[in-house]
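Hello,

Here is the structure I said I would pass on. My notes on it follow below.

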Amino acid sequence: SARGAGLANVLAALEVGVWRFDASVGGIGGCPFAPGAPGNICSEDLVHMLHEMGIATGVDLPALMECAHFLETLLGHSVPGQTIKAGLCRHLPPGGGPRIGAALEYVSEARE
């Protein structure tokens, strides 16, 4: 996303009730018509952020990260995503899901 604002835009969208987002593994891709466009929102970064917020996604984050690592192998270079570089936050459960007791309160309140 331009200027690295993609995840901030997702947060703003959540606050007004948007529930669906487009992202790509590793953050690859982008717009061929926008010179210097860095790429798409990275799926693993998006899922990690949502899990950190306590929002269940149904996505197996460690498996998604494995896909991103495999993508690097296929492409022959690193991808722009940050979660595969930094790893999961230590307080997330081993499966990489949202924190225990997580609820959609944050998003529910925004939808009202």
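I start with D45, which is buried yet has no salt bridge. Buried here means under 20% relative accessible area, with exposed over 50% and partly exposed in between (1.4 Å probe, protein chains only). A salt bridge is a side-chain nitrogen of Lys or Arg within 4 Å of a carboxyl oxygen of Asp or Glu. The nearest side chain of opposite charge to D45 is that of K85, 7.5 Å away; for charge, Lys and Arg count as positive and Asp and Glu as negative, while His and the chain ends are not counted.

This is a predicted model, in which local features need pLDDT of at least 70 and side-chain atom pairs count only at pLDDT 80 or more, while totals for chains, interfaces and linings use all residues. Residues are numbered from 1 along each chain as its sequence is written, and side-chain values use heavy atoms, with hydrogens and water left out.

D45 belongs to helix α2, residues 43-52. (Helices are DSSP runs of H or I of at least four residues, strands are runs of E of at least two, and both are numbered from the N terminus.) A polar atom of the D45 side chain lies 3.0 Å from the backbone nitrogen of Q82. Not counting residues up to four places away in sequence, D45 touches L7, G81, Q82 and T83, where contact means heavy atoms within 4.5 Å.

S43 is also in helix α2. S43 has a relative accessible area of 13%, so it is buried. With the neighbours up to four places away in sequence not counted, S43 touches A23, S24, V25 and L64.

Next, the cores. A nonpolar core is a set of buried Ala, Val, Leu, Ile, Met, Phe, Trp, Tyr and Cys residues joined through side-chain atoms within 4.5 Å. The largest one has eight residues: V47, L61, L64, M65, A68, L71, V79 and I84. Helix α3 (residues 61-75) gives the most to this core, five residues. A second, separate core has seven residues, among them L14, I41, M49 and I55.

In helix α1 (residues 6-15), the buried residues are G6, V10, A13 and L14. They line one face of the helix, because they fall within an arc of 100° seen down its axis, the arc being that of the directions from the helix axis to the C-beta atoms.

Overall, the protein has five helices and zero strands. Of its 112 residues, 31% count as buried.

Regards

Conventions: Polar contact = N/O pair within 3.5 Å; in protein donor to acceptor, adjacent residues only side chain to side chain.
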